[in-house]
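I opened this entry to record how the two parts of one chain meet. My notes follow the structure.

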Amino acid sequence: MSVSVRKISRKYGEQWAVKEVSFTVHSGEIVGFIGPNGAGKSTTMKIITGFLPPTSGEVRINDLDIREQTMQIKRIIGYLPEHNPLYPEMYVKEYLLYVAGLYNIRGTRARNRVDEIIEQVGLTGERHKKIEKLSKGYRQRVGISQALIHDPDVLILDEPTSGLDPNQIVEIRNLISAVGKEKTVILSTHIMQEVEAICDRVIIIDNGEIKADETAGNLGSRQQSGQTIEVELQESFPAEKWKKLAAVTGVRTLPGNIYLLATTETRDIRPDIFRFAVQNNLTVLSLNQKHKNLEEVFREITGKTGKQDAGSQDLK
Ligand code: ADP
(Lines give C-alpha, C1' and ligand atoms only; values in the text may rest on other atoms or scores of the structure.)
Protein backbone atom coordinates (compact mmCIF):
# COMPACT_ATOMS: atom_id res chain seq x y z
CA MET A 1 0.00 0.00 0.00
CA SER A 2 1.29 3.47 -0.70
CA VAL A 3 1.06 6.38 1.70
CA SER A 4 0.79 9.67 -0.09
CA VAL A 5 1.16 12.87 1.92
CA ARG A 6 0.30 16.01 -0.05
CA LYS A 7 1.14 19.48 1.25
CA ILE A 8 0.05 18.89 4.82
CA SER A 9 0.32 21.80 7.22
CA ARG A 10 -0.65 22.06 10.87
CA LYS A 11 -0.82 25.16 12.98
CA TYR A 12 -0.90 25.27 16.80
CA GLY A 13 -2.05 28.76 17.72
CA GLU A 14 0.26 31.05 15.80
CA GLN A 15 2.95 28.42 15.29
CA TRP A 16 3.27 26.12 12.27
CA ALA A 17 4.29 22.65 13.46
CA VAL A 18 4.45 21.36 9.87
CA LYS A 19 4.41 23.37 6.66
CA GLU A 20 3.44 21.95 3.27
CA VAL A 21 4.99 18.53 3.89
CA SER A 22 4.74 16.14 0.92
CA PHE A 23 6.14 12.66 0.32
CA THR A 24 5.07 9.21 -0.85
CA VAL A 25 6.05 5.88 0.67
CA HIS A 26 5.53 2.65 -1.26
CA SER A 27 4.80 -0.91 -0.24
CA GLY A 28 7.83 -2.76 1.13
CA GLU A 29 9.68 0.48 1.84
CA ILE A 30 11.01 1.38 5.30
CA VAL A 31 11.36 5.13 5.49
CA GLY A 32 13.16 6.92 8.30
CA PHE A 33 11.70 10.23 9.31
CA ILE A 34 14.48 12.08 11.05
CA GLY A 35 14.79 15.52 12.55
CA PRO A 36 15.68 17.36 15.74
CA ASN A 37 13.19 17.59 18.61
CA GLY A 38 10.29 19.81 17.69
CA ALA A 39 10.87 19.34 13.95
CA GLY A 40 7.32 18.12 13.30
CA LYS A 41 7.78 14.33 13.15
CA SER A 42 5.10 13.35 15.68
CA THR A 43 2.65 15.89 14.27
CA THR A 44 3.09 14.44 10.76
CA MET A 45 2.63 10.90 12.07
CA LYS A 46 -0.50 11.83 14.00
CA ILE A 47 -1.93 13.37 10.84
CA ILE A 48 -1.12 10.30 8.72
CA THR A 49 -2.79 8.00 11.23
CA GLY A 50 -5.91 10.14 11.42
CA PHE A 51 -5.43 11.13 15.08
CA LEU A 52 -4.95 14.79 14.26
CA PRO A 53 -6.61 16.70 11.43
CA PRO A 54 -4.26 18.80 9.29
CA THR A 55 -4.91 22.52 8.96
CA SER A 56 -4.59 21.91 5.22
CA GLY A 57 -3.36 19.24 2.83
CA GLU A 58 -4.32 15.62 2.27
CA VAL A 59 -3.20 12.12 3.14
CA ARG A 60 -4.16 9.12 1.02
CA ILE A 61 -3.50 5.46 1.72
CA ASN A 62 -3.89 3.91 -1.74
CA ASP A 63 -7.20 5.44 -2.81
CA LEU A 64 -8.52 6.16 0.68
CA ASP A 65 -8.62 9.72 2.02
CA ILE A 66 -7.77 10.13 5.71
CA ARG A 67 -10.49 12.75 6.25
CA GLU A 68 -13.27 10.80 4.60
CA GLN A 69 -12.36 7.16 5.27
CA THR A 70 -10.72 7.57 8.70
CA MET A 71 -12.10 4.34 10.18
CA GLN A 72 -11.15 2.26 7.14
CA ILE A 73 -7.65 3.72 7.23
CA LYS A 74 -7.24 3.07 10.95
CA ARG A 75 -7.91 -0.61 10.22
CA ILE A 76 -5.00 -0.83 7.77
CA ILE A 77 -2.56 1.23 9.83
CA GLY A 78 -0.63 0.07 12.88
CA TYR A 79 0.55 3.00 15.00
CA LEU A 80 3.05 3.15 17.82
CA PRO A 81 2.65 6.63 19.33
CA GLU A 82 5.63 8.45 20.80
CA HIS A 83 4.83 7.84 24.45
CA ASN A 84 3.46 4.33 23.89
CA PRO A 85 0.33 4.66 26.03
CA LEU A 86 -0.45 1.30 27.64
CA TYR A 87 -2.69 0.19 30.48
CA PRO A 88 -0.14 -0.56 33.23
CA GLU A 89 -2.57 -2.51 35.40
CA MET A 90 -3.44 -4.95 32.61
CA TYR A 91 -1.63 -8.21 31.91
CA VAL A 92 0.24 -8.45 28.59
CA LYS A 93 -2.03 -11.10 27.09
CA GLU A 94 -5.17 -9.49 28.47
CA TYR A 95 -4.18 -6.13 26.96
CA LEU A 96 -3.41 -7.58 23.54
CA LEU A 97 -6.73 -9.50 23.53
CA TYR A 98 -8.44 -6.22 24.38
CA VAL A 99 -6.71 -4.44 21.48
CA ALA A 100 -7.60 -7.34 19.15
CA GLY A 101 -11.23 -6.83 20.20
CA LEU A 102 -11.03 -3.20 19.13
CA TYR A 103 -10.32 -4.48 15.63
CA ASN A 104 -13.19 -7.00 15.87
CA ILE A 105 -10.83 -9.93 16.23
CA ARG A 106 -12.41 -12.14 18.91
CA GLY A 107 -12.59 -15.65 20.34
CA THR A 108 -10.20 -18.32 19.09
CA ARG A 109 -8.99 -16.11 16.26
CA ALA A 110 -7.97 -13.43 18.77
CA ARG A 111 -6.24 -15.92 21.07
CA ASN A 112 -4.32 -17.45 18.18
CA ARG A 113 -3.30 -14.06 16.85
CA VAL A 114 -2.17 -12.84 20.29
CA ASP A 115 -0.08 -16.01 20.78
CA GLU A 116 1.42 -15.55 17.34
CA ILE A 117 2.35 -11.92 17.89
CA ILE A 118 3.73 -12.60 21.39
CA GLU A 119 6.03 -15.18 19.86
CA GLN A 120 7.00 -12.90 16.96
CA VAL A 121 8.01 -9.95 19.13
CA GLY A 122 9.72 -12.10 21.77
CA LEU A 123 7.29 -11.57 24.65
CA THR A 124 6.69 -15.24 25.46
CA GLY A 125 8.43 -15.12 28.83
CA GLU A 126 6.52 -11.98 29.84
CA ARG A 127 3.04 -12.79 28.55
CA HIS A 128 1.53 -13.45 31.98
CA LYS A 129 3.04 -10.35 33.61
CA LYS A 130 1.38 -7.06 34.35
CA ILE A 131 2.49 -4.34 31.95
CA GLU A 132 3.65 -2.15 34.87
CA LYS A 133 6.12 -4.89 35.87
CA LEU A 134 7.81 -4.94 32.47
CA SER A 135 11.11 -3.28 31.60
CA LYS A 136 11.05 -0.39 29.13
CA GLY A 137 12.23 -2.69 26.32
CA TYR A 138 9.42 -5.18 26.90
CA ARG A 139 6.85 -2.41 27.21
CA GLN A 140 8.02 -1.15 23.83
CA ARG A 141 7.46 -4.66 22.44
CA VAL A 142 3.93 -4.59 23.82
CA GLY A 143 3.48 -1.25 22.01
CA ILE A 144 4.76 -2.76 18.78
CA SER A 145 2.51 -5.82 19.32
CA GLN A 146 -0.59 -3.65 19.62
CA ALA A 147 0.46 -1.88 16.40
CA LEU A 148 0.82 -5.24 14.60
CA ILE A 149 -2.11 -7.17 16.08
CA HIS A 150 -4.47 -6.61 13.13
CA ASP A 151 -1.71 -7.34 10.60
CA PRO A 152 -1.82 -3.83 9.12
CA ASP A 153 -0.33 -3.06 5.71
CA VAL A 154 1.07 0.24 6.94
CA LEU A 155 3.14 0.71 10.11
CA ILE A 156 3.79 4.12 11.63
CA LEU A 157 6.30 3.94 14.48
CA ASP A 158 7.11 7.09 16.44
CA GLU A 159 10.59 6.72 18.01
CA PRO A 160 10.31 2.92 18.38
CA THR A 161 13.73 2.51 20.02
CA SER A 162 13.74 5.60 22.21
CA GLY A 163 14.99 4.91 25.72
CA LEU A 164 16.05 1.32 25.04
CA ASP A 165 19.44 -0.14 25.88
CA PRO A 166 21.80 -1.08 23.00
CA ASN A 167 20.79 -4.77 23.00
CA GLN A 168 17.11 -3.95 23.00
CA ILE A 169 17.70 -1.43 20.20
CA VAL A 170 19.24 -4.11 18.00
CA GLU A 171 16.38 -6.55 18.74
CA ILE A 172 13.67 -4.01 17.96
CA ARG A 173 15.47 -2.92 14.77
CA ASN A 174 15.68 -6.54 13.63
CA LEU A 175 12.00 -6.97 14.35
CA ILE A 176 11.11 -3.85 12.32
CA SER A 177 13.32 -4.99 9.42
CA ALA A 178 11.63 -8.41 9.44
CA VAL A 179 8.04 -7.17 9.54
CA GLY A 180 8.89 -4.29 7.19
CA LYS A 181 9.52 -6.63 4.27
CA GLU A 182 5.84 -6.92 3.44
CA LYS A 183 4.58 -3.63 4.83
CA THR A 184 4.90 0.08 4.25
CA VAL A 185 6.82 1.43 7.24
CA ILE A 186 7.47 4.98 8.37
CA LEU A 187 9.48 5.34 11.56
CA SER A 188 10.73 8.43 13.27
CA THR A 189 14.04 8.64 15.01
CA HIS A 190 16.79 11.08 15.81
CA ILE A 191 19.43 8.35 15.68
CA MET A 192 21.18 8.40 12.32
CA GLN A 193 22.60 4.93 12.81
CA GLU A 194 19.04 3.63 13.02
CA VAL A 195 18.34 5.03 9.59
CA GLU A 196 21.53 3.54 8.21
CA ALA A 197 20.72 0.18 9.80
CA ILE A 198 17.15 -0.35 8.66
CA CYS A 199 15.79 2.33 6.35
CA ASP A 200 15.68 2.32 2.56
CA ARG A 201 15.01 6.02 2.44
CA VAL A 202 15.55 9.03 4.67
CA ILE A 203 13.30 12.04 5.00
CA ILE A 204 14.92 14.86 6.96
CA ILE A 205 12.50 17.32 8.52
CA ASP A 206 13.45 20.50 10.34
CA ASN A 207 11.30 23.39 11.49
CA GLY A 208 8.23 21.71 10.03
CA GLU A 209 9.69 21.50 6.52
CA ILE A 210 11.24 18.69 4.52
CA LYS A 211 14.92 19.34 3.89
CA ALA A 212 15.86 16.09 2.15
CA ASP A 213 14.14 12.99 0.80
CA GLU A 214 16.64 10.50 -0.57
CA THR A 215 17.93 6.96 -0.31
CA ALA A 216 20.38 6.56 2.56
CA GLY A 217 23.20 5.96 0.03
CA ASN A 218 22.48 9.10 -1.97
CA LEU A 219 22.28 11.23 1.12
CA GLY A 220 25.67 10.00 2.29
CA SER A 221 27.29 10.95 -1.02
CA ARG A 222 25.76 14.42 -1.05
CA GLN A 223 28.49 16.98 -1.37
CA GLN A 224 27.00 20.11 0.11
CA SER A 225 30.09 21.96 1.20
CA GLY A 226 33.05 20.26 -0.32
CA GLN A 227 34.57 16.90 0.31
CA THR A 228 37.60 15.11 1.65
CA ILE A 229 40.01 13.01 -0.39
CA GLU A 230 42.21 10.46 1.33
CA VAL A 231 45.60 9.98 -0.34
CA GLU A 232 48.06 7.28 0.64
CA LEU A 233 51.64 7.78 -0.57
CA GLN A 234 54.68 5.56 -0.52
CA GLU A 235 56.72 8.40 0.88
CA SER A 236 56.00 11.32 3.20
CA PHE A 237 55.19 14.76 1.80
CA PRO A 238 55.02 18.00 3.82
CA ALA A 239 51.47 19.12 4.53
CA GLU A 240 52.12 22.72 3.44
CA LYS A 241 53.23 21.56 -0.02
CA TRP A 242 49.82 19.99 -0.64
CA LYS A 243 48.39 23.48 -0.33
CA LYS A 244 50.14 24.42 -3.60
CA LEU A 245 47.35 22.48 -5.22
CA ALA A 246 44.76 25.20 -5.82
CA ALA A 247 41.73 23.03 -4.98
CA VAL A 248 43.08 21.95 -1.57
CA THR A 249 41.89 24.07 1.34
CA GLY A 250 43.05 21.95 4.27
CA VAL A 251 45.39 19.05 5.00
CA ARG A 252 45.46 16.52 7.83
CA THR A 253 48.35 14.13 8.11
CA LEU A 254 47.63 10.63 9.42
CA PRO A 255 50.17 7.92 10.29
CA GLY A 256 51.39 5.78 7.36
CA ASN A 257 51.83 8.64 4.85
CA ILE A 258 48.08 9.14 4.64
CA TYR A 259 46.81 12.65 3.90
CA LEU A 260 43.24 13.92 4.20
CA LEU A 261 42.86 16.72 1.69
CA ALA A 262 39.85 18.99 2.15
CA THR A 263 38.39 20.96 -0.72
CA THR A 264 35.42 23.25 -1.10
CA GLU A 265 35.00 22.10 -4.71
CA THR A 266 32.09 19.84 -5.46
CA ARG A 267 33.67 18.31 -8.61
CA ASP A 268 35.91 15.27 -8.29
CA ILE A 269 39.44 16.62 -7.74
CA ARG A 270 41.18 13.23 -7.74
CA PRO A 271 42.62 13.73 -11.26
CA ASP A 272 44.21 17.03 -10.08
CA ILE A 273 45.70 15.27 -7.07
CA PHE A 274 47.03 12.44 -9.19
CA ARG A 275 48.71 14.83 -11.69
CA PHE A 276 50.13 16.90 -8.83
CA ALA A 277 51.59 13.77 -7.22
CA VAL A 278 53.22 12.68 -10.49
CA GLN A 279 54.72 16.17 -11.01
CA ASN A 280 56.20 15.92 -7.51
CA ASN A 281 57.61 12.42 -8.07
CA LEU A 282 55.26 10.91 -5.49
CA THR A 283 53.97 7.34 -5.65
CA VAL A 284 50.23 7.20 -5.01
CA LEU A 285 49.18 3.95 -3.35
CA SER A 286 45.50 4.86 -3.00
CA LEU A 287 43.18 7.79 -3.65
CA ASN A 288 39.68 7.75 -2.18
CA GLN A 289 36.84 10.18 -2.10
CA LYS A 290 35.53 10.06 1.49
CA HIS A 291 31.77 10.05 1.81
CA LYS A 292 30.28 11.82 4.75
CA ASN A 293 28.38 9.71 7.19
CA LEU A 294 24.70 10.47 7.52
CA GLU A 295 25.30 12.12 10.86
CA GLU A 296 27.48 14.77 9.19
CA VAL A 297 24.93 15.28 6.42
CA PHE A 298 22.17 15.64 9.01
CA ARG A 299 24.18 18.25 10.90
CA GLU A 300 24.85 20.14 7.69
CA ILE A 301 21.20 20.12 6.64
CA THR A 302 19.66 21.01 9.99
CA GLY A 303 22.56 22.92 11.50
CA LYS A 304 22.19 20.77 14.61
CA THR A 305 23.61 17.57 16.00
CA GLY A 306 21.49 14.44 16.13
CA LYS A 307 22.45 14.00 19.77
CA GLN A 308 19.37 15.00 21.62
CA ASP A 309 18.97 12.63 24.52
CA ALA A 310 20.25 9.52 26.17
CA GLY A 311 18.93 7.37 23.35
CA SER A 312 21.65 8.65 21.06
CA GLN A 313 24.48 6.72 22.68
CA ASP A 314 25.07 4.78 19.51
CA LEU A 315 25.60 7.77 17.27
CA LYS A 316 28.73 7.57 15.19
P1 ADP B 1 8.90 16.20 16.88
O2 ADP B 1 8.04 14.97 16.91
O3 ADP B 1 9.75 16.29 15.65
O4 ADP B 1 9.71 16.37 18.13
P5 ADP B 1 6.40 17.63 17.11
O6 ADP B 1 5.59 17.26 15.93
O7 ADP B 1 6.07 16.97 18.42
O8 ADP B 1 7.95 17.48 16.78
O9 ADP B 1 6.26 19.21 17.36
C10 ADP B 1 6.42 20.16 16.30
C11 ADP B 1 6.17 21.55 16.89
O12 ADP B 1 4.80 21.69 17.23
C13 ADP B 1 6.97 21.84 18.14
O14 ADP B 1 7.38 23.17 18.10
C15 ADP B 1 5.98 21.60 19.25
O16 ADP B 1 6.27 22.41 20.36
C17 ADP B 1 4.67 22.02 18.60
N18 ADP B 1 3.53 21.25 19.16
C19 ADP B 1 3.36 19.91 19.08
N20 ADP B 1 2.20 19.55 19.67
C21 ADP B 1 1.63 20.69 20.14
C22 ADP B 1 0.41 21.00 20.83
N23 ADP B 1 -0.47 20.05 21.17
N24 ADP B 1 0.16 22.30 21.15
C25 ADP B 1 1.03 23.27 20.79
N26 ADP B 1 2.18 23.05 20.13
C27 ADP B 1 2.50 21.80 19.80
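**Domain interface**

The model is predicted: local features need pLDDT of at least 70, side-chain atom pairs count only at pLDDT 80 or more, and totals for chains, interfaces and linings use all residues. Residues are numbered from 1 along each chain as its sequence is written, and side-chain values use heavy atoms, with hydrogens and water left out.

I then checked the elements on the side of domain 1 that touches domain 2: α7 (192–198), β10 (209–215) and α8 (216–220) each give two or more residues. Helices (H or I, at least four residues) and strands (E, at least two) are DSSP runs, numbered from the N terminus. On this side α7 gives the most, with three residues.

I noted the bounds from an automatic or database domain assignment: domain 1 covers 3–219 and domain 2 covers 227–301. Their C-alpha centres lie 43 Å apart.

I looked up the contacts (heavy atoms within 4.5 Å) and found eleven residues of domain 1 meeting five of domain 2.

I recorded a buried area of about 750 Å² between the domains, with 82% from carbon and sulfur atoms; this is the accessible area (1.4 Å probe) that two parts lose on being put together, summed over both. In domain 1, Met 192, Ile 204 and Leu 219 lose the most area to domain 2, together 55% of what that side buries.
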